[in-house]
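Here are my notes on the model you sent over.

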Amino acid sequence: MALIRKPKFYLPLLRTNVVKRGWLVDNQQQFFSISHAFELSVKTLSSSSIPSDADFVANMPTSFKLASQINQLDRHTIKPLRSLGEHAGELSDFLALQSKKIDLMMSYILTLDEGSKARNQGTSFGGSNITFINQSSIANDTLLELKLFIEECNSAIYAIGKVIDTQPCDDGMVINVEFVKIDEEDQEQLVRNSLHIQTIQLKQRSDARKPDNDE
């Protein structure tokens with residue numbers, strides 16, 4: 001599994017702690033977060049100590065490691081082709097299609113993971129934190145093992161999070177969780193996913209306004 005490379009892009013908001021590929025670093029930035037429904041598996045950790053880098057990697061399910069490696073290979077394979085010009089366009093599109101097929105297959109395999117059957121409903125996500133609905137409150141600073149499934153992007157992300165806030169809602173409690181351990185490639189993937197979904201949402205809003213404009 002590849003380790004440590006600095007994130008290539010982020011949107012600055014507030015001060016937070018951001019995980020840097022297995023290392024928790026004090027950072028002045030917080031990644032962009034978007035409201036979007038997704039599924040996740042949540043498991044409370046018995047220990048109050050953040051797992052070491054070695055323990056985090058060792059406990060990550062093999063299927064999630066494989067998904068992360070595939071995403072990394074996809075980006076490094078297709079990106080150079082796009083810089084070759086229009087003659088490489090068809091080859092790049094073909095490889096992107098093959099990558100999409102692999103993503104769909106991996107997404108299906110990951111949903112069959114035995115430890116991921118009990119699902120919570122996520123309400124927002126970004127590169128540094130998520131929120132989800134739980135039937136009961138969870139104490140602040142509680143460590144959680146998280147498995148995120150973002151269907152629209154065929155993404156499955158494994159991370160360790162810490163509860164930083166709990167608020168009541170109609171369906172139970174909204175739990176706000178900050179990542180304390182996450183593979184940097186997966187963190188970058190979450191940032192890309194949030195921007196991709198934001199683009200879709202903006203297009204949907206624009207399309208919804210078109211009939212009024214036509215009138």
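1. A word on naming before we start: helices (H or I, at least four residues) and strands (E, at least two) are DSSP runs, numbered from the N terminus. Keep in mind that this is a predicted model, where local features need pLDDT of at least 70 and side-chain atom pairs count only at pLDDT 80 or more, while totals for chains, interfaces and linings use all residues. Residues are numbered from 1 along each chain as its sequence is written, and side-chain values use heavy atoms, with hydrogens and water left out.

2. How far does the predictor trust the chain? The mean pLDDT (the predictor's confidence in each residue, from 0 to 100) is 75, and 60% of the residues reach 70 or more. Over residues 1-28 the pLDDT is below 50, yet beyond near neighbours in sequence this stretch has 84 contacts in the model. Contact here means heavy atoms within 4.5 Å.

3. Now the fold. Six strands form a closed barrel: the 6 strands run β3-β4-β5-β8-β7-β6, with antiparallel pairing. From one strand to the next, the twist averages 45 degrees (axes are lines fitted to C-alpha atoms, for helices over the stretch in contact, and angles run from 0 to 180 degrees between N-to-C directions). Strands count as paired if DSSP finds at least two bridges between them.

4. Some of the pairings, if you want to trace them. β3 (residues 33-44) has antiparallel partners in β4, over 6 bridges, and in β6 (residues 143-150), also over 6 bridges. Ile34 stands opposite Phe125 in β4, while Glu39 has Phe149 in β6 as its bridge partner. β4 (residues 120-126) also pairs with β5 (residues 129-134), antiparallel over 4 bridges; in that pair, Gly122 faces Phe132.

5. Have a look at Ile130. Leaving aside neighbours within four places in sequence, Ile130 is in contact with a list of residues, including Phe38, Leu40, Phe125, Leu146, Leu148, Ile175, Val177 and Phe179.

6. Is Thr131 buried or exposed? Thr131 counts as buried because its relative accessibility is 12% (buried means under 20% relative accessible area, exposed over 50%, partly exposed in between; 1.4 Å probe, protein chains only). The side chain of Thr131 makes polar contacts with those of Thr123, at 2.5 Å, and Ser124, at 2.6 Å. A polar contact is a pair of N or O atoms within 3.5 Å; within protein, one must be able to donate a hydrogen and the other to accept it, and residues adjacent in sequence count only if both atoms are side-chain atoms. Ala37 is 94 residues away along the chain, with its C-alpha atom 9.8 Å from that of Thr131.

7. Most residues other than glycine have a negative phi. Asp141 has a positive phi of about 75 degrees although it is not a glycine. Asp141 lies in the loop between β5 and β6 and, at 52% relative accessibility, counts as exposed.
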